[in-house]
Amino acid sequence: MFERVLNAFWILLGAAAAAYAWTLGLVGPSGPESGFFPLIAALIVMGMGVALMLAPSQRATAPEFPRSAALHRVLGVVAGLALMAVALPYLGFAVAGALTMLVLLRMVERVSWTGSVALALGSVVVVMWLFGNVLGMPLPRGPWGW
Amino acid sequence: MTRTALVLGLLAALCHPAAAQSGDAKAELARLKPKDFPSQPIEFTVVYPAGGGMDVAARLLAKHVEQASGDRIIVNNRTGGAGMVGHAYLATQAKPDGYTVGVLANLMWGDAMLRAQGRWAYTDLEPIAYVNTDALTWVGPTEGPYKGMSLKQIVQAAKDKPGTIRVATVPGSMWDYIIEQIEANSGAKFLRVPFQGGGAGIAALVGGNVDLAQGFYSEFRGYLDANKVAPLAVAATSRMDFLKDMPTFNETLGGNEYTWQVIRFAVVPKGTPADRKAYLAASVRAAMHDPELVAEYKKTGAFFDPKLANSSDLAKDLGDYAEAERAFYQKTGRLK
Amino acid sequence: MEALSNLAAGFGVILTPQNLYFCFLGSLIGTLVGVLPGLGPLAAMALLLPVTFTLTPVAGMVMLASIFYGAMYGGSTTSVLLNIPGEAASVVTCIDGHQMARQGRAGAALGIAAIGSFLAGTVGIIVMTFCAPAISAIAIRFGPPENFGLMVLGLVCTLYMITGSPLKGALMIALGFLGAAIGIDVVNGKERFTFGSINLTGGLDLLAVVIGLFGVTEVLANVERLVHGSLLTGRIRNLWPTLDDWRASWRPIVRGSGLGFILGLVPGGGPVTASFMSYALEKRLSDTPQRFGKGAIEGVAGPESANNAAVAGSMIPILSLGIPGNPVTALLLGALIIQGIQPGPLFMTQRPDLFWAIVASMYVGNLFLLVLNLPLVGLWAQLLRVPYHILFPVVLLLCVVGTYSANKNVFDLWVMLGFGVAGYVLRKLEYDLAPFVIAFVLAPLMEQSLRQALVMSPDGAMILLQRPITAVLLAVSAVLVALMFRRQSTHRGGDL
């Protein structure tokens, strides 16, 4: 089922990209234009999508996507990274990083509170020292100046 | 001549030896320095990759501004989209708090007028100090059928055999524009081979893959010394001090429209507090008065446009150049 | 021989306490930077450029150059241990190196990587010493048609890297090209696939893509399965490569050195391309290609040697011609200019002290790196014992910082996350991710070279056959493709 969906996605993606590439222009006075190679690539994507759709699936078992606890862990990591990307410009690296690590340690793997806080703070401090002082590249500061 | 290194451990020990600054410049700086500023390092943003001409100029500048002002400066390369990403960042995202200074070139105007799609204008970046200018130069081969020819002869050859003389160009930039101008005025027709930068084109010239290349002095000086390229003409208003025998385009082809230069200057985002802006402007100016920096710039082939170096209203003078560029875009149909 | 006496003079310059110190410092920083995922040698060199202002030209250049190849050494460490590449040139090492680590053979993998790197680097430097002028005379002639031929060969080699379904592999390659097309078309300056976004105008950052596809994906996959425990599936054994390992590795090391050196010479080549092509070559030449991907030491020995040899190779155009072939050598060029030195064809004769000191420093640097890295192998291997649930947040933090540090743009973090999720899903559905990355790197170079070649040619596509080097490269590519089809039809197995 998942494979079907993905193959359909490839076909759609390929078609959309091909249409867009067409509008970029294919051939100009001195050879291929901007759209030429993207069109070929997009057609390949589409073609492979079709071929995969039609070919009999050789898999012995269906792909295992995670359930319950495992799924939570995976989603937790994704959420943690998203949190980092959102918070970094506003809270600065120190706070955003520490928060993210707390989330990852606590929610995803259920490390004890003291352990999580210690590790989160410790890692952030070490990384900021490493990049800021050793490598000379200060990381973004938050509204509190650090 | 060796200098003793003062590096302590791994920390970038940027020493600030007492620079030979005039007492005036330093006193002025102290007078203009706002309270509590700067409390953290100032970023000099360069929109081109590390090691390139712009980057070298910015790093030399940063070094001397540090010496002059004692503030910590960090050069940061925000690259992408041939400068577009960095320009847009400075104009729309950088905080106007005095901690971000852009070291830009007039190439920014092209991005603002042609590619910004209304999201920002060049006036969103306020110039604070002029740095230097580099003029585009044409170089020819020292081997092959076109060796020894002057610019006039090559243009004539391009007229006689249209579309055969291969010129290295960087699409969408002054490299293209000057070719356009010459073609329009003389009826010649060149074959433009696109490259990502002037340096790549010059390398192609030396390797015999193109017949003409365009670039800046620092890019071809090594080859010039080794007699692998021959300078043909420079797109400036007067001849260069270090290549007195090389004519200008205006001299050779007549007229005065063949002026294509990279003008480097420092900017701050619009809205930066006036006192911080004044202090930053004074810091850069103090650095620009350092004879050591002037000598270093001269070695890279840059020169100092007197109109801009002595300008009392830099924004207006640069704006004049910008509007002249806009007129060119309108004349050639790139802008309505 | 003149070269030898010059080299001796170079050693004389380098073997002073100050210069040795900076060579060591550069090597150390390079290793550190290579180990940290995301942060590559370019960023570190740019950061340390101001430091070189206060140093003598020799010390400054030597330090920067040492960072460059130090990063190649360090990059293999995280690749092997965590399946997360330290930088783009170490992606390939992840494939087999990490499997070896899982099997308890991290020591062997790291050891072979270090020693292979040392041997390759040394060979590269020796060739450089004696053949630099001759080689540079050929390198300068490499124009767009030759580059095109080389890139085609590289892409063909990519096909060899595909494990599993060829349809999926081709799809990944095509996607890689589309991904790289996002941004500005260098041939005519037009924007492609940017949809008005300023961030996309710059294209997708390679580092963000690589860290996402190989770093974040890896963490997601591990986090799903591992609740407690560490990455190890067995005991740690063999802290050193065994004799069998040596027997299997010495030929890949030799081949990798040669291949890497040549690829370092041409613009757009360099350590990344070299590592991919070496992997493909080893897989192609092996009698048992099915072992690749499951812990074949050849898949570590070849690429790791190749990327170090490529460093030596890429130093030739910059030192003897003044032409930078990749962003790192462009930075070295800038550093030289700032020091007031003019790189170019006369650099060797005008500043022989500096030229030969840099060459000599490469020998010394390589030695430092071997000494630095080998004893640490045992230490690094123990890192695998750390329970994963403590390890991975730290690793992710480093990935985030490393990726962010390249352009200071939060957008790159989103790219990293996006590719991480996509990679996770694709791995589940048995798609091979490496071909995507190779196409992402090579395809735009190929397209650019072809279009440049067509523009400059009076006879259109015929130029590809008229230029001898190009014709040869294309012929070899065609032969390889034909051989591949033949192999497919004789080994009728594998799913579609």
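Reply: Two residues are counted as in contact if their C-beta atoms, placed from the backbone, lie within 7 Å. On that basis, in this predicted model, the contact between chain C and chain B takes 53 residues from chain C and 53 residues from chain B. On the side of chain C that touches chain B, the elements that give two or more residues are helix H3 (41-53), strand S1 (183-184), helix H9 (198-201), helix H14 (327-338) and helix H19 (434-456) of chain C. Of these, H14(C) gives the most, with eight residues. In composition, the residues on this side of chain C divide into 32 nonpolar, 19 polar and two charged.

Chain C also meets chain A, where 51 residues of chain A are in contact with 44 residues of chain C. Seen from chain A, two or more residues of the side that touches chain C come from each of helix H1 (2-23), strand S2 (31-32), helix H2 (36-54), helix H3 (68-109) and helix H4 (113-134) of chain A, and H3(A) gives the most, with 17 residues. The residues on this side of chain A comprise 41 nonpolar, seven polar and three charged.

Between them, nine residues of domain 1 of chain B are in contact with 12 residues of domain 2 of chain B. On the side of domain 1 of chain B that touches domain 2 of chain B, helix H4 (107-115) and strand S4 (125-135) of chain B each supply at least two residues, and the residues of that side divide into four nonpolar, four polar and one charged.

Turning to confidence, the predictor gives the complex an ipTM of 0.90 and a pTM of 0.85. For chain C itself the mean pLDDT is 84, with 95% of its residues reaching 70 or more. Residues 492-496 of chain C need separate mention: over this stretch the pLDDT is below 50, and beyond near neighbours in sequence the stretch has seven contacts in the model.

Conventions:
Residues numbered from 1 in each chain as written. Chains lettered and ligands numbered in written order. Predicted model: local features only at pLDDT ≥ 70, side-chain atom pairs only at ≥ 80, totals over all residues. Helix = DSSP H or I, 4+ residues; strand = E, 2+ residues; numbered from the N terminus. Nonpolar A, V, L, I, M, F, W, Y, C, P; charged D, E, K, R; others polar. pLDDT = per-residue confidence, 0-100.
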